[in-house]
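Here are some questions on how terms are assigned in a structure, with answers that set each value against its cut-off.

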Amino acid sequence: MKNFILIILICSSSILFAQKKVDGLLSINEYYGKVVSKFNGEHFWVKHNQKYHLYDKNGNSILKDITLKNQIDVKKYETAFSIKGDVFIDYDKTKIKKRFFSISNKKPLSNYVYSTIIPYDNGTYFTIKNIGKEKEYIYLDENLKVIYKVKPQLINEMNKQQRNPFTSKDKNRIVFGSYNDGLVKNYNPTTKKFGFNDTNGKLIIANKYKSVGDFSEGLAFFQNDDKLFGYINTTGKVVIPAKYSKQPYSFFNDRAKVLSKNGFWGYIDSKDQLVIDAKYKYATNFYKNHALVRENQFSSILLIDNTGKIINAFDKDLKINFQEQANVHQTLGLFPEYFTHINPILKQLVDFKKGIFIHKNNKSGLVDNHGNIILDFKYKSLKDYNNGLVLAILSDKSFKEKHGLINEKGEFIVEVAQSKF
């Protein structure tokens with residue numbers, strides 16, 4: 001009887017940990033060999049022939065034959081395929097348009113009418129909607145409800161002032177930005193100056209700045225005519241005078257990254273006190289009172305609190321993809337989202353106490369926030385660790401790859417394998 005029960009338990013365990021196989025491959029950036037497919041904790045997508053399939057974390061098919069726009073460089077923060085909660089964005093190559101789609105209902109939330117959809121970390125979107133020959137420039141909230149429509153007069157005036165002003169997605173980002181703290185950027189194409197208006201179109205902060213950042217925690221950076229940077233509040237009052245010669249970042253947890261003239265990051269608070277000295281070549285924005293910093297490429301990555309106290313120093317052989325290295329020549333050529341971006345490894349370490357690091361041998365592994373190795377550094381690529389699961393590519397000695405979703409024991413919960421034909 002005992003033997004029978006043991007057999008049952010072994011069989012049950014085998015069933016419990018049996019992996020599921022699905023057809024396809026994790027989409028990768030060919031140049032870097034890194035995973036581009038995204039996993040949000042519930043869903044992930046794979047490449048299947050020339051199209052894409054969406055699966056849940058158990059390997060159940062959610063949607064098939066999705067068409068996506070061209071892959072974006074893995075080093076940038078936007079990919080063609082964006083999952084936010086229950087919503088993802090797909091693309092029709094024939095119509096050359098995007099739409100919103102509900103994962104749970106398996107139904108479109110809009111038609112293919114958007115030439116541009118820019119998702120932001122705060123859950124909002126900036127879109128350009130095409131209806132016939134007409135274009136509408138619209139801000140949407142996380143439920144895809146209209147927050148604000150840009151007045152057609154502004155677009156017409158911009159078309160008069162500049163040749164093809166909206167052929168570049170970068171210009172859309174710089175001119176419009178995201179909606180935050182009840183305000184959106186307002187650009188005067190005649191004076192080429194920025195201000196802010198509310199969602200009723202009322203100008204709240206006059207157009208007098210060469211550039212502005214999106215609001216965060218009630219503050220936004222600005223650049224004056226002398227090319228110096230400071231911060232204003234939502235009424236337009238200057239709360240930190242324009243004295244910074246290099247581009248600063250947005251406020252998180254009452255901390256903002258500032259760059260010294262000799263090219264090192266430090267952090268100020270909203271009273272303009274240098275709380276953490278400018279001594280880091282690499283640094284993230286703060287997230288839940290934590291940040292990741294590194295003095296140089298040969299030193300340890302440090303997890304610090306909002307006073308600069310070191311929580312943990314990781315092995316010197318480990319690295320992550322910081323937003324960018326501190327540079328004395330930094331300009332506004334960067335996407336505005338960079339200034340409000342939260343590093344995904346920092347989020348993993350804070351929210352789940354573990355994060356993906358890359359060893360000096362260029363293999364990826366999973367490390368907890370005390371530096372203990374959870375998944376050894378043998379993976380060609382790991383991506384989007386979320387609540388115990390992570391997308392992985394494992395390459396053996398003969399360079400044969402195994403793709404899929406693995407747990408913290410390295411077991412493939414879902415194996416993604418391409419059929420031969």
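Predicted model: local features only at pLDDT ≥ 70, side-chain atom pairs only at ≥ 80, totals over all residues.

Q: What makes K380 a contact of S395?
A: Contact requires heavy atoms within 4.5 Å. S395 touches K380, as well as K400 and E401, with residues up to four places away in sequence not counted. S395 itself belongs to strand β34, residues 389-395. S381 is 14 residues from S395 in sequence, and their C-alpha atoms are 9.2 Å apart.

Q: How do you know that β24 and β25 pair?
A: Pairing takes at least two bridges between the strands. Strand β24 (residues 265-268) and strand β25 (residues 274-280) have 3 bridges, so they pair, in the antiparallel sense. W265 has Y280 in β25 as its bridge partner. The two strands form a hairpin with 5 residues between them, and D272 in the turn has a positive phi of about 70 degrees.

Q: What makes β15 and β17 edge strands?
A: The open sheet has 3 strands in the order β15-β16-β17, with antiparallel pairing. β15 (184-188) and β17 (203-209) each have a single partner strand, so one side of each lacks a neighbour in the sheet. From one strand to the next, the twist averages 25 degrees.

Q: How do you know that β16 pairs with β17?
A: At least two bridges are needed. β16 (residues 193-197) is joined to β17 by 3 bridges, so the two antiparallel strands pair. N197 stands opposite L203 in β17.

Definitions and conventions: Residues numbered from 1 in each chain as written. Heavy atoms only, no water. Helix = DSSP H or I, 4+ residues; strand = E, 2+ residues; numbered from the N terminus. Axes fitted to C-alpha atoms, helices over the stretch in contact; angles between N-to-C directions.
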